[in-house]
Amino acid sequence: MEGKSSQIYDGISSYGSFSPLNSFFRMPLAWRFNRAPAGVEVFFTTRMGGASAPPFDSLNLGFHVGDDPELVIRNRTTVSEICGFDPASITAPRQRHTGAVRLVEQEEEIGAGADREESVFDPCDGLVTAFRHVPLLLNFADCLPVVLATDAPRPAVAVLHAGRRGLMEGVIAGGVALMTGLGAEPAGITAALGPAIGPCCYEVGPEISRQFEARFGREAVQGESVDLAAAAIIDLKKTGLAPANIHLLDICTCCDKDFFSYRRDGTTGRHAAVAWIR
Ligand SMILES: [Zn+2]
């Protein structure tokens, strides 16, 4: 993989597994993951094509950043129309950079966080479900979105908020554990890693980079910068996923201005990973 020297990336597929979904004006509104198991849909949105004003311009999908909630709802509706899901069924947690992952298993939990910041899933940085027609939506602006999906023994999907702290707290293992609790074999799980800040832009200093190295090994650290995708891949392999089933949309959110970046812009909007079972 270009620019990545580490063996961690051997056998991991990249851009070829994703395709851009463009607007009428040829703006990339989202990236679709094309290797999901049958019946599962996975999208990673960009910041393009929404209604929000600066500094949330324009496709901000997060309620917690200070944007007008009516515009966030309008943006979520725009995404639902493009991608093809019911916006009233969006199920979203209140993310707090933890390792907490929860199962959506009660009918009354569907729609939590669809139109507001508050959610019954709080604190929570990953959702898993086997329900059909329940789009799990999590927000990002540099942290790594990790979507897990399987179709055996029945379809199940997970969306995980894998930032530096969530990874340290085991959000990957937590997500895989809930998937296996639904009957999935780790070797039958496909993972899609969306856009996130790359080691090119994520210098964290000596103390945090040493902690990260102690937890994930030398390959997850470059100098005093951390590599979120490498750390996620290390944990995905450790939990039993096959490298051939791990797909990385290798885009740095801090380098690429099509995406929101907290590191680059401070106060800004949030793009999303959204996945559901048809
Ligand atoms: Zn970068």
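## The nonpolar core

The largest nonpolar core of this predicted model has 90 residues, and those with the most contacts inside it are Val 147, Ala 232 and Ala 275. A nonpolar core is here a set of buried Ala, Val, Leu, Ile, Met, Phe, Trp, Tyr and Cys residues joined through C-beta atoms within 7 Å, where buried stands for 20 or more other C-beta atoms within 10 Å of a residue's own, exposed for 12 or fewer, and partly exposed for what lies in between, with C-beta atoms placed from the backbone. Helix H5 (residues 228-238) gives the most to this core, with eight residues. In soluble globular proteins, nonpolar side chains tend to be buried together.

Val 147 touches, among others, Phe 33, Val 42, Ala 273 and Ala 275, when residues up to four places away in sequence are not counted; contact means that two C-beta atoms, placed from the backbone, lie within 7 Å.

## The chain as a whole

The protein chain has six helices and 13 strands, which are DSSP runs numbered from the N terminus (helices: H or I, at least four residues; strands: E, at least two). Buried residues make up 52% of its 278 residues.

Five strands form an open antiparallel sheet in the order S1-S2-S3-S13-S6, with strands counted as paired if DSSP finds at least two bridges between them. Strand S1 (18-22) and strand S6 (136-140) are the edge strands, each pairing on one side only. S6 is joined by five bridges to strand S13 (residues 271-277), to which it runs antiparallel, and Leu 137 stands opposite Val 274 in S13.

Helix H1 lies across S1, S2, S3 and S13, running at about 50° to S2, with axes as lines fitted to C-alpha atoms, for helices over the stretch in contact, and angles from 0 to 180 degrees between N-to-C directions. Ser 80 has its place in H1 (residues 69-83) and is partly exposed, with 19 other C-beta atoms within 10 Å.

## Basis of the model

Residues are numbered from 1 along each chain as its sequence is written. Because the model is predicted, local features need pLDDT of at least 70 and side-chain atom pairs count only at pLDDT 80 or more, whereas totals for chains, interfaces and linings use all residues.
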